[in-house]
Amino acid sequence: MELQKLLEGVSYKVLQGNLSIEVEKIEYDSRKVLAGDVFVCVTGFQVDGHQFGAKAVENGVVALICEHMPEGIDGKIPVVQVENAREALAFMAVNYYNRPSEKMHVVGVTGTNGKTTTTYLIKSVLDHIGKKVGVVGTIENRIGDKILHTERTTPESKELQELLDTMVKEDVSHVVMEVSSHSLDLHRVDGIAYEIGIFTNLTQDHLDYHKTMENYKEAKSKLFQRAKKSVINMDDAAGSFMKDKASGQVLTFAVDNAADLQAKDIEITAEGTEFSLFWDDKEYHVHLSTPGRFSVYNALGAIGACLLLEIPMEDIITGLQENHGVTGRFQAVRSKKGYQAVVDYAHTPDGLDNILKTAREFAKGRIITIFGCGGDRDKTKRPIMGEIAGNGSDFCIITSDNPRTEDPLIILNEVEVGMKKTPCPYEKVADRGEAILKGAKMAKAGDVIIIAGKGHETYQIFKDCTIHFDDMEEIRKAFGEDCL
């Protein structure tokens, strides 16, 4: 593709050279550049791509896109200056892959909690009516029945546009994607034609990056400024803000407040959730396989999006009933001895609070909570989560999550500060496998063991290594022959 065409929609200044040259592909990783590529000098958190501009030229790139002139660049090679290289990279990728999002129905889901479940509820409805669905998310990327590996909630813009292009080529009609606050703030999703944006909720998370809740909220709101239609949770404190930011049609949902879609008469058991749905002066009965009030909100967001996709309500309700849960999201394991464990991804204060309140609805005995907090992440939530766990549990075991470069014992001590504010008895066990085994051994008939924080993850990250670790595997192993 000609460089000038590649830069359509990008504001730039030519520092030197001619833009009437052909480019093989776009690259922002200097280790991957080949002859004929254009290299985008992205300023990263650890590494500045401008440092590798000269090396990229040595390796045969035909042009550089940069925020400032890199050192040691030949006077003949085209150099284009942009204000933000990440933003330029996104729009260049959109152009390179010929605007793939415009050829499908794209639904984006953002919020602190509930993104993954909401995307899979929508997928279940679309599967029911025979559509081929693409999924972009935390657990996996998926094209129809084909599962693709994923490393972050929302891929970098170049890889994301490549994935969308592949979906177009494989006849995907609808894409449902989780949209993280990082991806919105770092321009990974710029240029995507969102038909619908869904807002689930906003609670404390990612303050290591955003610094303030206001910044976090502003980042999330970018989805609704871009989407043609929006589905907004009006029971959330940030719902009105997101609604005001929305540029197109808005459909609201709620349980407690007035909204277009409302759920009432909610009944929660260990087996699932039932509620009455009110829409357009009609009442419908909805059954979900996952327990919890939060499940109702996830379903309402999914229902709203499906209605905006003009899917009949009867098909929506049937499609929701065909969803039997998501890996690592309130995933239950039962013992022959009459107790059970629930593995969940809850790693935020609100997420943990929701899980514990749901468990209390059906637990006949004690709630034993095993949880930790990740290293190199928002430290302010550690004592908050300790206090929430203590207030919502009968016994707690504070353990490691992904310590990363931090000392696991220091993290445990910071969580303990909040735990001490509650009357709940607890232990600190740094080894997560030992903590799960201890929780299983102390359980009695009627008890519910909550294992929170990692959910679908099958690894644990330490300072010097990453090991295989799966909470589901560990609890099944701990239950042994009694595992159902």
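Asp470 is buried (under 20% relative accessible area, where over 50% is exposed and values in between are partly exposed; 1.4 Å probe, protein chains only), yet this residue of the predicted model has no salt bridge. A salt bridge here is a side-chain nitrogen of Lys or Arg within 4 Å of a carboxyl oxygen of Asp or Glu. The nearest side chain of opposite charge to Asp470 is Arg476, 6.6 Å away; Lys and Arg count as positive and Asp and Glu as negative, while His and the chain ends are not counted. Asp470 sits in the loop between strand E24 (466–468) and helix H16 (471–479), with helices (H or I, at least four residues) and strands (E, at least two) taken as DSSP runs numbered from the N terminus. A polar atom of the Asp470 side chain lies 2.8 Å from the backbone nitrogen of Met472. Beyond its neighbours within four places in sequence, Asp470 is in contact (heavy atoms within 4.5 Å) with Glu457 and Thr458.

As this is a predicted model, local features need pLDDT of at least 70 and side-chain atom pairs count only at pLDDT 80 or more, whereas totals for chains, interfaces and linings use all residues. Residues are numbered from 1 along each chain as its sequence is written, and side-chain values use heavy atoms, with hydrogens and water left out.

Side chains of opposite charge can pair when their charged atoms come close. Across the whole structure, the search finds 29 salt bridges. In one of them, Asp37 meets Lys25 with an N to O distance of 2.9 Å. Asp37 lies in the loop between strands E2 (26–27) and E3 (38–40), and Lys25 in the loop between E1 (12–16) and E2, so the pair ties together parts that are 12 residues apart in sequence. Asp37 is buried at 1% relative accessibility, whereas Lys25 is partly exposed at 24%. Both residues also belong to a network of salt bridges that links Lys25, Glu27, Asp37 and Lys158.

Another salt bridge joins Glu156 and Arg86, whose closest N and O atoms are 3.3 Å apart. This pair links distant parts of the chain, 70 residues apart: Glu156 is in the loop between strand E9 (146–148) and helix H5 (157–169), and Arg86 is in helix H3 (residues 85–96). Both partners are buried.

Within helix H5, Asp165 and Lys169 are 4 residues apart, which means a separation of about one helical turn. Their closest N and O atoms are 3.0 Å apart in a salt bridge. Here Asp165 is buried at 12% relative accessibility, while Lys169 is exposed at 62%.

Note on methods:
Polar contact = N/O pair within 3.5 Å; in protein donor to acceptor, adjacent residues only side chain to side chain.
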